[in-house]
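These are my notebook entries on a structure that I had not examined before. I set down what I looked up, entry by entry.

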Amino acid sequence: MSTQEDVISIKPHHFVDILRSLGSGKSKYEAHPYGHAQHIVAEHILRDRDVIFEIELGMDDICLPCKHNIDGICDDTIDTSFRPDAPSSKGEWNLMIDRRWCERLQLKPGDRMTARELCELLRDNTSDITDIYREVPADRVAERARKLKAGIEKFLD
Ligand code: SF4
């Protein structure tokens, strides 16, 4: 967690990932072999939908304990077999996607809002996410969009 209690530093796409998992029917978040804190952050957010988020585009609270967080740089790679135009570096890919999310949602690093408010922003600005995931095949983006929409609805229910 952030040094300031009850403020969660988060990259936009990490919140989107949590919502997509929720939308795919996940009710329990498990620890990941990478050692990152997605399961801890997700449980925290679901316990308190009004927890304060601080937007981060570098290493957020999910990344902090991850084995791929090497001195503040993500050294992991992504699967480019289905998205050949994407950079293979996960750090570069994430930054590109997070910048697009920030542009779409009119956010910048350091902005603060509750998880509920960010979810409402997503609800109001995600009718079409093909441009954000333009390197990803359309059928996969459609599946992401479906799960994200379902996750947003569950979160705001
Ligand atoms: S973005 Fe990189 S450092 Fe952060 S959780 Fe994912 S793999 Fe780990």
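**Entry 1: the nonpolar core.** I looked up the largest nonpolar core of this predicted model. This core has 22 residues, and those with the most contacts inside it are Leu19 and Cys119. I then noted which elements give two or more residues to this core: strand 1 (7-10), helix 1 (12-23), helix 2 (38-47), strand 2 (52-55), helix 4 (115-125) and helix 5 (138-156). Helix 1 supplies the largest share, five residues.

**Entry 2: the surroundings of Leu19.** Which residues are in contact with Leu19, leaving aside its neighbours within four places in sequence? I found Cys119, Leu148, Gly151, Ile152 and Phe155.

**Entry 3: helix 1 against helix 5.** I looked up how these two helices pack. The angle between helix 1 and helix 5 is about 85 degrees, and their axes are 6 Å apart. An angle of 65 to 115 degrees counts as roughly perpendicular, so helix 1 is roughly perpendicular to helix 5. On the side of helix 1, the contact is made by Val16, Leu19, Arg20, Leu22 and Gly23. Helix 5 contributes Arg144, Lys147, Leu148, Lys149, Ala150, Gly151, Ile152, Lys154 and Phe155. By class, I recorded seven nonpolar, two polar and five charged residues in this contact.

**Entry 4: the ligand.** Which residues surround the ligand? I listed Tyr34, His36, Ile62, Cys63, Cys66, His68, Asn69, Cys74, Asp76, Lys90 and Asn94. Of the residues in this shell, five are nonpolar, four are polar and two are charged.

**Entry 5: positive phi values.** I next looked up backbone angles, given that most residues other than glycine have a negative phi. Asp71, which is not a glycine, has a positive phi of about 50 degrees. I located Asp71 in the loop between strand 3 (69-70) and strand 4 (73-74). Is Asp71 buried or exposed? I counted Asp71 as exposed, because 6 other C-beta atoms lie within 10 Å and the cut-off for exposed is 12 or fewer.

Gln106 is a residue other than glycine with a positive phi, near 60 degrees. I placed Gln106 in the loop between helix 3 (90-105) and strand 5 (112-114). With 9 C-beta neighbours inside 10 Å, Gln106 counts as exposed.

Definitions and conventions: Residues are numbered from 1 along each chain as its sequence is written. This is a predicted model: local features need pLDDT of at least 70, side-chain atom pairs count only at pLDDT 80 or more; totals for chains, interfaces and linings use all residues. A residue is near a molecule or strand if its C-beta atom, placed from the backbone, lies within 6 Å of it. Ala, Val, Leu, Ile, Met, Phe, Trp, Tyr, Cys and Pro count as nonpolar, Asp, Glu, Lys and Arg as charged, and the others, Gly among them, as polar. A nonpolar core is a set of buried Ala, Val, Leu, Ile, Met, Phe, Trp, Tyr and Cys residues joined through C-beta atoms within 7 Å. A residue is buried if 20 or more other C-beta atoms lie within 10 Å of its own, exposed if 12 or fewer, and partly exposed in between; C-beta atoms are placed from the backbone. Helices (H or I, at least four residues) and strands (E, at least two) are DSSP runs, numbered from the N terminus. Two residues are in contact if their C-beta atoms, placed from the backbone, lie within 7 Å. Axes are lines fitted to C-alpha atoms, for helices over the stretch in contact, and angles run from 0 to 180 degrees between N-to-C directions. Angles under 35 degrees count as roughly parallel, over 145 as roughly antiparallel, 65 to 115 as roughly perpendicular and the rest as oblique.
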